[in-house]
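Please read them with the structure open.

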Amino acid sequence: MKERLNRMTNLQQRVIAAAVGVIIILFGIWYSDWTFALLFCAISALTQLEFYKLLGLDGNQPLTYYGTAVGCLICILTYLIEKQIVDYDSYFLICPAASMIFLIKLYKKRDLKPFTNIGFTFLGLIYVAVPFALLNVLALRGGTYHPGLMLGCLVLLWASDIGAYFAGTKFGRRKLFERVSPKKSWEGAVGGALAAAVIAFFLTIFVDDLRPWEWYCVGAIIVVTGTYGDLVESLFKRSIAIKDSGSTIPGHGGFLDRFDGLLLAAPFIITFLKLFA
């Protein structure tokens, strides 16, 4: 199977992997809130493990497994609290769990840069786990599960990515941010924005979880922050001199490559909905 995939073009691999991924994600979102929570907790864990692994390639020693366990705790607690199964004060469990990172590193004798690696462990929580945990806040507004809202945001992100990919491939001339990502172009960014605008229009008709102007605002947030999220991940990969974050997803690289836009978009979407919607 792997050999057959390797003989395919990058675009063919992307299409097949995307189709399989979309089916899994659609099932997880539409079946129930707990399958949604488990799915994105698993994706968060895999992405965080990948992030720590990449840091290790550059000679760092973050607490890979403990940091990922704390990330899962954050995701699970957020779901239980937003679902109103446990009290809001349960968030304080994160404090001792995260503080244990300092104590564990205190007993790591072979770590020559313990505070650097403590910082990288916390960065994995902030950069990966917290945005995925915030998806529970997005989907469980007021304790009620809104699969349409979650799926709408993902479709906007996917449309932006696909539009940018094809527009950039076909018309890309002017570099968007050459120092960090030489392949990205302004034409691709415009193509992604237009694709997201079309999807936002259809969402205003078929998904009533948000008002029309809110869907357009969410779409704009996703286009901007999704693009910057991709650039931030490119900056990270460039800093440790690698091309892809992994090869887990054929044609897409690793989990960090696939969900980089979501990591930066999620905090901005939640903030907008909490303050203005």
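1. Glu 214 sits in helix α9, which covers residues 212-239. Helices here are DSSP runs of H or I with at least four residues, strands are runs of E with at least two, and both are numbered from the N terminus. Glu 214 is buried, its relative accessible area being 3%; buried means under 20%, exposed over 50% and partly exposed in between, with a 1.4 Å probe and protein chains only. Apart from neighbours within four places in sequence, Glu 214 has contacts with Phe 272 and Ala 277, where contact means heavy atoms within 4.5 Å.

2. On the basis of these notes: this is a predicted model, in which local features need pLDDT of at least 70 and side-chain atom pairs count only at pLDDT 80 or more, while totals for chains, interfaces and linings use all residues. Residues are numbered from 1 along each chain as its sequence is written, and side-chain values use heavy atoms, with hydrogens and water left out.

3. The chain has ten helices and four strands. Their order from the N terminus is α-α-α-α-α-α-β-β-α-β-β-α-α-α. The chain's radius of gyration is 19 Å, close to the 19 Å given by the globule rule for 277 residues, so the chain is as compact as a globular protein of that length. That radius is taken over C-alpha atoms, and the rule is 2.2 Å times the number of residues to the power 0.38.

4. Along the principal axes, the C-alpha atoms fill a box of roughly 55 × 45 × 35 Å. Of the 277 residues in the chain, 47% are buried. Taking contacts between residues at least 6 apart in sequence, 69% join residues at least 24 apart.

5. How do α6 and α7 pack? Helix α6 (residues 114-139) meets helix α7 (residues 147-171) at an angle of about 130°, and their axes are 8 Å apart. That makes α6 oblique to α7, since angles under 35 degrees count as roughly parallel, over 145 as roughly antiparallel, 65 to 115 as roughly perpendicular and the rest as oblique. Leu 135, Leu 138 and Ala 139 of α6 make the contact with Leu 149, Met 150 and Cys 153 of α7.

6. Helix α5 (residues 94-106) has 13 residues and reaches 19 Å from its first C-alpha to its last, close to the 18 Å expected at 1.5 Å a residue. Its buried residues are Ile 94, Ala 97, Ala 98, Ile 101 and Lys 105. The buried residues of α5 pack against α4 (64-82) and α6.

Key:
Axes fitted to C-alpha atoms, helices over the stretch in contact; angles between N-to-C directions. Expected span 1.5 Å × (residues − 1).
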